[in-house]
Amino acid sequence: YRLKENVKELEDALERLKQLNVKRFNFKSEPSKDVDGFIAHEVSEVVPEAINGQKDEVDDEGEPVYQGIDQSKLVPLLTAALKELALKVEALEKQ
């Protein structure tokens, strides 16, 4: 907290979370192993701090430089969205 400024509550987390498209796919290097995950350039539109690299980047030899996702950067958004949902559920339970 001593290194941070302009601290405020995260709002509209549920709406942002709904913009994330979860996919099921395999990596070309492991065609028989399906995994759940995200497409980096799609996530960059919602949580840009979670992505490193640029979409379709290539190096000086024309070889791909792949984007990566630091999935730990999604945790604050997921936590805030879960809290929003919990409040909605509690409100519905009171009705």
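**The negative patch.** In this predicted model, begin by selecting Glu 57, Asp 59, Asp 60, Glu 61 and Glu 63, which together form a negative surface patch. Is Glu 57 buried, partly exposed or exposed? Its relative accessible area is 32%. Glu 57 is therefore classed as partly exposed, since that class lies between the limits of 20% and 50%.

Next, select Val 22. This residue sits in the loop between α1 (13-17) and β1 (23-26). Val 22 has a relative accessibility of 60% and so counts as exposed, the limit for that class being over 50%. Val 22 and Gln 54 are 32 residues apart along the chain, and their C-alpha atoms are separated by 20 Å.

**The aromatic pair.** Finally, turn to the aromatic rings. How many aromatic pairs does a search of the whole structure find? The search finds one. Select Phe 25 and Phe 27 to see this pair: the ring centres are 5.4 Å apart and the planes meet at 85°, so the arrangement is edge-to-face. An angle over 60 degrees is what places a pair in that class. Colour the two residues by accessibility as a last step. Phe 25 has a relative accessibility of 21% and therefore counts as partly exposed. Phe 27, with 48%, likewise counts as partly exposed.

Methods:
Residues are numbered from 1 along each chain as its sequence is written. This is a predicted model: local features need pLDDT of at least 70, side-chain atom pairs count only at pLDDT 80 or more; totals for chains, interfaces and linings use all residues. Side-chain values use heavy atoms; hydrogens and water are left out. Rings of Phe, Tyr and Trp (its six-membered ring) pair if their centres lie within 6.5 Å; planes under 30 degrees apart count as stacked, over 60 as edge-to-face and the rest as tilted. Buried means under 20% relative accessible area, exposed over 50%, partly exposed in between (1.4 Å probe, protein chains only). Patches are made of residues with over 30% relative accessible area and no salt bridge: like charges are joined within 9 Å, nonpolar side chains (Val, Leu, Ile, Met, Phe, Trp, Tyr) within 5 Å. Accessible areas come from the Shrake-Rupley method with a 1.4 Å probe; for residues, only the protein chains shown count as cover. A salt bridge is a side-chain nitrogen of Lys or Arg within 4 Å of a carboxyl oxygen of Asp or Glu. Lys and Arg count as positive and Asp and Glu as negative; His and the chain ends are not counted. The place of a charge is taken as NZ of Lys, CZ of Arg, CG of Asp or CD of Glu. Helices (H or I, at least four residues) and strands (E, at least two) are DSSP runs, numbered from the N terminus.
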